Amino acid sequence: MPTIAILIFPGVQALDVSGPMDVFAEANSFLPPEQHYVIEVLGTQEGLLRCSNGLCLAAHRHYAQVHDAYDLLLVAGGPGLPAQARDADLSAWLASAAGKARRHGSICNGAFLLGHAGLLDGKKVATHWNDAAALAARFPLAQVDADSIYLHDGKLVSSAGVTAGIDLSLSLLADDCGAQLALQVARRLVVYTQRQGGQSQFSPYLTPVVDASSPVAQAQQYVLAHLGAALDVDTLARLVAMSPRNFARVFVRELGVTPAYFIESARLDAARALLEAGSEPLKTVAWRCGFGTADQLRTVFLRRLGVSAKQYRQNFSSLQ
């Protein structure tokens, strides 16, 4: 029987635990008894552990009591993990347990605990988009992907936030037992076996500059107020009385992206808002947001979000 362990702690996200567990528990209803998944919850503390939503969970065992070699070892996430200091004993156990496991990984920002155990070095890893920058800064040897719903990199598996743990678990189930079983389980849970697009569909791109009086902040505000106008480096540089070359250098230094990328992102966010809230034709949305044509709008949506503008509206329209 394949064995699965999920590590939990005080403040864990409940759905990071129950989502993957339900995938494999549902799979058991289709599998013969000798192929059933055996699922165990391990706690970092004894007794009841309070989740971030107030629910209390009781682990089967404390992690220090475990010396088993699991088929899959997962670490759940929780809102407080990015700020937590490294626990030397837990990190040592995780490194040892991951070395024995056939696969190991994380749900959401559980990746921080893997990082503390040295398990992310040189590896591609997914996490919640909101924690991606902090994860990359804390563990610079990791290759953090802020957009993927889930990733497989050798023995390491990882997912984005919360419900993405279900996506990851379905992909692991498909690897183990075939795509047909994964589809049957997805139907039972009323979820997609493969979601279109990445986390960029759900993450707000535009963030304010720390110094609101800086030339970059002024340029940002101008872009947001004139999305339908002709916008380029020369135009924005003239606006703030800087040379185009110096402006572009300062812009990248303060925001981490080029002016062109920011302009496209601002237009994309505006288009997303219009598609979610209204029913205007794509060509009208494209014109209002500065894309010019519906074809250009479609191209940017596919390249940046992995879905067409039409599919995005079908997925997220508030008019449905």
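## Overall picture

Of the protein's 320 residues, 45% count as buried. The model is a predicted one. Its fold holds 13 helices and 11 strands. Along the principal axes, the C-alpha atoms fill a box of roughly 65 × 40 × 35 Å.

Take the contacts with a separation of 6 or more: residues 24 or more positions apart account for 64% of them.

## Helix H1 and its surroundings

Helix H1 covers residues 14-28, which is 15 residues. From its first C-alpha to its last it reaches 21 Å, close to the 21 Å expected at 1.5 Å a residue.

Which residues of H1 are buried? They are Ala14, Asp16, Val17, Gly19, Pro20, Val23, Phe24, Ala27 and Asn28. The spacing can be read against helix geometry. An α-helix has 3.6 residues a turn, so residues three or four places apart point the same way. Val17, Pro20, Val23, Phe24 and Ala27 are among the buried positions.

## Aromatic pairs

A search of the whole structure finds 6 aromatic pairs. One of them joins Phe251 and Phe262; the ring centres are 5.7 Å apart and the planes stand at 65 degrees, so the pair is edge-to-face. This pair links distant parts of the chain, 11 residues apart. Phe251 belongs to helix H9 (residues 244-255), and Phe262 to helix H10 (residues 259-277).

Both Phe251 and Phe262 are buried. Ring pairs also bring in Phe247, giving a cluster of Phe247, Phe251 and Phe262.

Arg304 is placed in helix H12 (residues 294-305). Is this arginine buried or exposed? Arg304 counts as buried because its relative accessibility is 15%, under the 20% cut-off.

What does the charged end of Arg304 sit over? That end lies over the ring of Tyr261, 4.0 Å from the ring centre. The two side chains also make a polar contact, at 3.3 Å. A further polar contact, of 2.6 Å, joins the side chains of Arg304 and Ser265. Arg304 therefore has a ring under its charged end, with 15% relative accessibility.

## Cysteines

How many disulfides does a search of the whole structure find? The number is 0. A disulfide is a covalent bond between the sulfur atoms of two cysteines.

Cys177 is partly exposed, with a relative accessible area of 32%. Cys289 counts as buried, at 2% relative accessibility. Cys108 also counts as buried, at 6%.

Most residues other than glycine have a negative phi, and most peptide bonds are trans. Cys108 has a positive phi of about 55 degrees although it is not a glycine. This cysteine lies in the loop between strand E7 (103-106) and helix H3 (111-116).

Val162 is another non-glycine residue with a positive phi, of about 50 degrees. Its place is in the loop between strand E11 (156-159) and H5. Val162 is partly exposed, with a relative accessible area of 23%.

Definitions and conventions
Residues numbered from 1 in each chain as written. Predicted model: local features only at pLDDT ≥ 70, side-chain atom pairs only at ≥ 80, totals over all residues. Heavy atoms only, no water. Helix = DSSP H or I, 4+ residues; strand = E, 2+ residues; numbered from the N terminus. Expected span 1.5 Å × (residues − 1). Buried < 20%, exposed > 50% of the residue type's maximum accessible area, 1.4 Å probe, protein only. Phe/Tyr/Trp six-rings, centres within 6.5 Å; stacked < 30°, edge-to-face > 60°. Lys NZ or Arg CZ within 6 Å of the ring centre and 35° of its normal. Polar contact = N/O pair within 3.5 Å; in protein donor to acceptor, adjacent residues only side chain to side chain. Disulfide = S-S within 2.5 Å. Contact = heavy atoms within 4.5 Å.
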